[in-house]
Amino acid sequence: MANTYDFDKFNFNGTSKIIIATGEAAAFTVDSSFNVDVINATGGGTAPTNPKFVASFKNHMFYAGMSNAISSVIFSGPFTEDDFDTGAGTIKVDTTIVGLKVFREELFIFGEDRIFKITGSSSSDFAVTPVTRRIGC
C-alpha cells in the first residue's frame, strides 16, 4: 500500500522550508540544508499529533485531518510552525476534513460533504464561511 503525503512550501524567517504531513505521525519540516524538525509545540501549546493535511496561509501553519479531531483545523501562531499558544487556535467545521488548499488569498477546507473557506489575516480576524453545504470531496 502506498502512503499519501501532503506538503507545502513556506518561509517564515528567511529559511525556505517544506512541511510534510503523513497522517501517521507528527508533521515535520525539511529546510534547504536538509535539516529535519518534527513539529512538537516547542513554542508552547499542544501540537497536532498526526495531521494528514498542512497549508501555509497568512504566515500561519494550518493542520487538519488528525485522527482525534477529524473536523478541526489547528493553526500555529504567526511566523512559526510550532507555537500553538500565542496567536494560535482551532477552527471546527461540521464535516470530516479531507483536504486544505490556499487559493486567491483564501484557505479552502474541503470536507466529505461540504466546503468552507477561511479569510482574514490573523487569529483576531480569521473567519470561516461556507462555500457550499451540498457537495464535498
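Predicted model: local features only at pLDDT ≥ 70, side-chain atom pairs only at ≥ 80, totals over all residues.
**A lysine contact and a group of rings**

The side chain of lysine 17 makes a polar contact, at 2.9 Å, with the side chain of glutamate 81. Lysine 17 has a relative accessible area of 14%, and because buried means under 20%, lysine 17 counts as buried.

We can now turn to the aromatic rings, of which a search of the whole structure finds eight pairs. A pair of aromatic rings is described by the distance of the centres and the angle of the planes. For phenylalanine 62 and phenylalanine 126 the ring centres lie 5.5 Å apart and the planes stand at 70 degrees, and the pair is edge-to-face because its angle is over 60. This pair links distant parts of the chain, since phenylalanine 62 belongs to strand S6 (residues 60-66) while phenylalanine 126 sits in the loop between strand S11 (115-119) and strand S12 (127-132), 64 residues apart.

Are these two phenylalanines buried or exposed? Phenylalanine 62 is buried, with a relative accessible area of 0%, and phenylalanine 126, at 15% relative accessibility, counts as buried too. Both also belong to a cluster in which ring pairs link Phe57, Phe62, Phe75 and Phe126.

Definitions and conventions:
Residues numbered from 1 in each chain as written. Heavy atoms only, no water. Buried < 20%, exposed > 50% of the residue type's maximum accessible area, 1.4 Å probe, protein only. Polar contact = N/O pair within 3.5 Å; in protein donor to acceptor, adjacent residues only side chain to side chain. Phe/Tyr/Trp six-rings, centres within 6.5 Å; stacked < 30°, edge-to-face > 60°. Helix = DSSP H or I, 4+ residues; strand = E, 2+ residues; numbered from the N terminus.
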